[in-house]
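Reader: Could you walk me through the labels on this model? I'd like to see each one set against its cut-off.

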Amino acid sequence: MKYVDRTFVDDGIVLDGNSFTRCTFDGCVAFYNGGPLEIVGGLTFKNGGNIRYGPGVDAFDNPLSNLLVESAERQGFRQVSDDEVAGYDPIAPKKDLR
């Protein structure tokens with residue numbers, strides 16, 4: 001099925017076998033089992049939306065993750081290197097701005 005400019009709200013959506021053009025998932029869980037899909041113009045996730053991968057699907061090396069990375073890069077995001085991540089501690093105290 002083809003979905004264009006659609007916002008899904010608080011739903012579970014199977015991505016496999018569908019086409020999504022500029023769609024938003026608001027509080028949704030998207031399920032991907034490794035099948036064919038088309039994403040045009042990126043996907044937007046809001047309010048805790050996320051993707052769940054089926055058994056045997058590598059969350060970091062599959063057609064969906066590759067499309068999402070390409071979409072993020074077109075929007076100005078970039079992947080960080082291992083050197084940039086090394087030593088990062090998200091729990092470390094933040095600088096006092098007073």
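This is a predicted model: local features need pLDDT of at least 70, side-chain atom pairs count only at pLDDT 80 or more; totals for chains, interfaces and linings use all residues.

Reader: Why is Y53 called partly exposed?

Author: Y53 has 26% relative accessibility, so it counts as partly exposed. Y32 is at 0%, and therefore counts as buried.

Reader: What makes the Y32 and Y53 pair edge-to-face?

Author: Rings of Phe, Tyr and Trp (its six-membered ring) pair if their centres lie within 6.5 Å; planes under 30 degrees apart are stacked, over 60 edge-to-face, and the rest tilted. For Y32 and Y53 the centres are 6.4 Å apart and the planes sit at 85°, so edge-to-face it is. Y32 is in strand β5 (residues 29-32) and Y53 in strand β7 (residues 50-53), so the pair ties together parts 21 residues apart in sequence. Strands here are DSSP runs of E, at least two residues, numbered from the N terminus.

Reader: And why is the pair of F25 and F45 called tilted?

Author: The structure holds 7 aromatic pairs. In this one, the ring centres of F25 and F45 are 5.2 Å apart and the planes are at 50°, so the pair is tilted. F25 belongs to strand β4 and F45 to strand β6 (residues 38-46), 20 residues apart. F25 counts as buried because its relative accessibility is 0%, while F45, at 28%, counts as partly exposed. Ring pairs also link Y3, F8, F20, F25 and F45 into a cluster.

Reader: How do you know that R22 and D5 form a salt bridge?

Author: The rule asks for a side-chain nitrogen of Lys or Arg within 4 Å of a carboxyl oxygen of Asp or Glu. R22 and D5 come in at 2.8 Å, N to O. R22 sits in strand β4 and D5 in the loop between β1 (2-4) and β2 (7-9), 17 residues apart. The count by this rule is 1 salt bridge. R22, at 45% relative accessibility, counts as partly exposed, and so does D5 at 48%.

Reader: What makes L15 buried?

Author: Its relative accessible area is 0%, so L15 is buried. L15 lies in the loop between β3 (12-14) and β4 (19-26).

Conventions
Residues are numbered from 1 along each chain as its sequence is written. Side-chain values use heavy atoms; hydrogens and water are left out. Helices (H or I, at least four residues) and strands (E, at least two) are DSSP runs, numbered from the N terminus. Buried means under 20% relative accessible area, exposed over 50%, partly exposed in between (1.4 Å probe, protein chains only).
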